[in-house]
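Thanks for taking a look at this one with me.

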Amino acid sequence: AQLDIATDPIPIPVMVKISGGTFMMGSPLTEKERRSDEIQHTVTISYDFYMSKYEVTQRDYLAVMGNNPSRFTTTDHNGKPISPDLSRPVEQVTWHDATNYCGKISASERAAGRLPAGWVYRLPTEAEWEYACRARTSSAFHYGSALRGGMANFYSDYEYDASVGSVSESNPTTYLARTTMGGSYAPNAFGLYDMHGNVGEWCLGWYGSYPSGDVTTNPMGPGLGSYRVLRGGCWRNVGWFCRSASRNSGTPGDRNSRDGFRVVLAPGQP
């Protein structure tokens, strides 16, 4: 099921419904190049929610916020000309920028009477993000155990296979040195695009250790911290960094061309 109300005065991204469920968050010890903060644990998402089908685009952001802070408008990372394309994901947005965007569309939809009681547009929790990325898979990527050039927008000179680790690409490079428009690569089973690569995606919570215990329901992450969670890897990251379980973080004020976001429509306090 999808919501598409992009004709509203403040346009809302196309949203895909994701049914709640239980999954294994983190990575197994056998997954090569995993990091110690990826400890596997069972997580239950007890509610259905909606997630934007694509990363928030430059067009989306410009329409809501009135500016486009993105690096990739007319040149790539190496200074080579590229054609302007507002369907590329917005980047050079801070965590604060992303949450302000969510707040604006929440306010607009609430004023129009379209928000269910207690629901908001917001950034995904880290658990919601990984659950949505995996789309009921348990492999290193929703594609399977390996990420190869042409499957996603990443630094494909270093591909990855979960049983081997990083693999230097022997074929002609597919590295773009920039972001690319949403929908350029195959979606996952939930119909979400670019969950691996393109831009890293800000999440709602603080970065910290996973909670202890065998089963956790609707985790929100630590109550305090210095860094906010980023997920998915980006156009400049090697393959292993784009795995479903891979965790990254940045200060809420960080602004660079590697980071963007997508939104969820979900309970404000899971």
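1. Let's start with helix 1, residues 58-65, which contributes three residues to the lining of the largest pocket, the most of any element. Helices here are DSSP runs of H or I with at least four residues, strands are E runs of at least two, and both are numbered from the N terminus.

2. A word on the model: it is predicted, so local features need pLDDT of at least 70 and side-chain atom pairs pLDDT 80 or more, while totals for chains, interfaces and linings use all residues. Residues are numbered from 1 along each chain as its sequence is written, and side-chain values use heavy atoms, without hydrogens and water.

3. The largest pocket has a volume of about 290 Å³. A pocket is an open set of points on a 1 Å grid over the protein atoms alone, where a 1.4 Å probe fits, with protein on both sides within 12 Å along at least five of seven lines; lining residues have an atom within 4 Å of a point. The volume is the space filled by probe spheres set on the points, which are joined across faces, edges and corners. Of its 20 lining residues, Val14, Tyr54, Thr57, Arg59 and Asp60 lie nearest the centre.

4. The second largest pocket holds about 180 Å³. Among its 18 lining residues, Glu126, Tyr210, Pro219, Met220 and Gly221 are closest to its centre. Helix 3 (126-134) and strand 10 (200-206) each give two or more residues to this lining.

5. Helix 3 is largely enclosed by the rest of the structure, because nine of its nine residues are buried (under 20% relative accessible area, 1.4 Å probe, protein chains only). Trp129 and Tyr131 are among them. Ala135 follows helix 3 and has a positive phi, near 50°.

How values were computed: Buried means under 20% relative accessible area, exposed over 50%, partly exposed in between (1.4 Å probe, protein chains only).
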